[in-house]
Every structure is written in structure tokens, then in C-alpha cells.
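Student: Could you take me through the side-chain interactions of this chain, one residue at a time, and say how each term is defined?

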Amino acid sequence: LRYELESGLLNGTITVDELPKLWNSKMEEYLGVRPENDAQGVLQDIHWSMGALGYFPTYSLGAMYAVQIYNKACSELPDLEEHIAAGEFKPLKAWLNEHIH
């Protein structure tokens, strides 16, 4: 939703004045909920209110990178999940230092 509206802002098909109404209608269309006010809707986080655009696609990319890195680490460190559950992060840190950082 946010990416869709940001794209419209950047390509000129959506104006800032249209955002609250579009946000609410898209929320209802996509999720079946309609925010009670702009604070719970279009302004529900700080990105747009501080003028920051383009962040949400990078969050999606980061999540995709993270799961790929984690899956690779698990394949090379068979006991990784047990180490993490025990609060032991040294094996993962060493693997990350060698392969990622």
C-alpha cells in the first residue's frame, strides 16, 4: 500500500491532499479495515510525516536478504538454531564475519 501510494506521489498521479482518502479506501479494499483518523492511517508512522520516501521497498529487500543469509548459515552450521536458543551467538558471528562481513 505504502509503495503503491509513494509511486503515485513520485510519478504525479497522486497529490499529497489525496493521500488520506486513498490510504483509507485502499486499507478497506485490501484489509477490510478503515482507520478512524489520519494518525492511525496515513500518518501511522514517521516516514511520510518527516518527508522520507522510498524506505519500504528497502525493508522488503532487507527481509529477503536476511532469510537467504539465515538459510545459508543454517545449512553450514547444523546446530545453529540450538545455539541461538541457548543464547550462544559466537558460531553465527564467526560465520557472518567469514561469509558476509
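Tutor: Let us begin with Arg 2, which is found in helix H1 (residues 2–11); helices here are DSSP runs of H or I with at least four residues, and strands are runs of E with at least two, numbered from the N terminus. This is a predicted model, in which local features need pLDDT of at least 70 and side-chain atom pairs count only at pLDDT 80 or more, while totals for chains, interfaces and linings use all residues. Residues are numbered from 1 along each chain as its sequence is written, and side-chain values use heavy atoms, with hydrogens and water left out.

Student: Is Arg 2 buried or exposed?

Tutor: Buried means under 20% relative accessible area, exposed means over 50%, and partly exposed lies in between, with a 1.4 Å probe and protein chains only. The relative accessibility of Arg 2 is 6%, so Arg 2 counts as buried.

Student: With which residues is Arg 2 in contact, leaving aside its neighbours within four places in sequence?

Tutor: Contact means heavy atoms within 4.5 Å. With the neighbours within four places in sequence left aside, the residues in contact with Arg 2 are Trp 23, Val 42, Gln 44, Asp 45, Trp 48 and Phe 56.

Student: Over which ring does the charged end of Arg 2 sit?

Tutor: A charge sits over a ring if NZ of Lys or CZ of Arg is within 6 Å of the ring centre and within 35 degrees of the ring normal. For Arg 2, the distance from the ring centre is 4.4 Å, and the ring is that of Trp 48.

Student: How are the rings of Trp 23 and Trp 48 arranged as a pair?

Tutor: Rings of Phe, Tyr and Trp (its six-membered ring) pair if their centres lie within 6.5 Å, and planes under 30 degrees apart count as stacked, over 60 as edge-to-face and the rest as tilted. One aromatic pair is found in a search of the whole structure. Because the centres of the Trp 23 and Trp 48 rings are 5.9 Å apart and their planes stand at 80 degrees, the pair is edge-to-face.

Student: Which helices does this pair of Trp 23 and Trp 48 tie together?

Tutor: Both Trp 23 and Trp 48 are buried. They are 25 residues apart in sequence, and the pair ties together helix H2 (residues 19–31), where Trp 23 lies, and the helix of Trp 48, which is H3 (residues 46–49).

Student: Which residues do salt bridges with shared partners join into one network?

Tutor: Glu 4 forms a salt bridge with Lys 26, their closest N and O atoms being 3.2 Å apart. The side chain of Lys 26 also meets that of Glu 29 in a salt bridge (3.9 Å, N to O). The network joined through these shared partners is Glu 4, Lys 26 and Glu 29.

Notes:
Salt bridge = Lys/Arg side-chain N within 4 Å of Asp/Glu carboxyl O.
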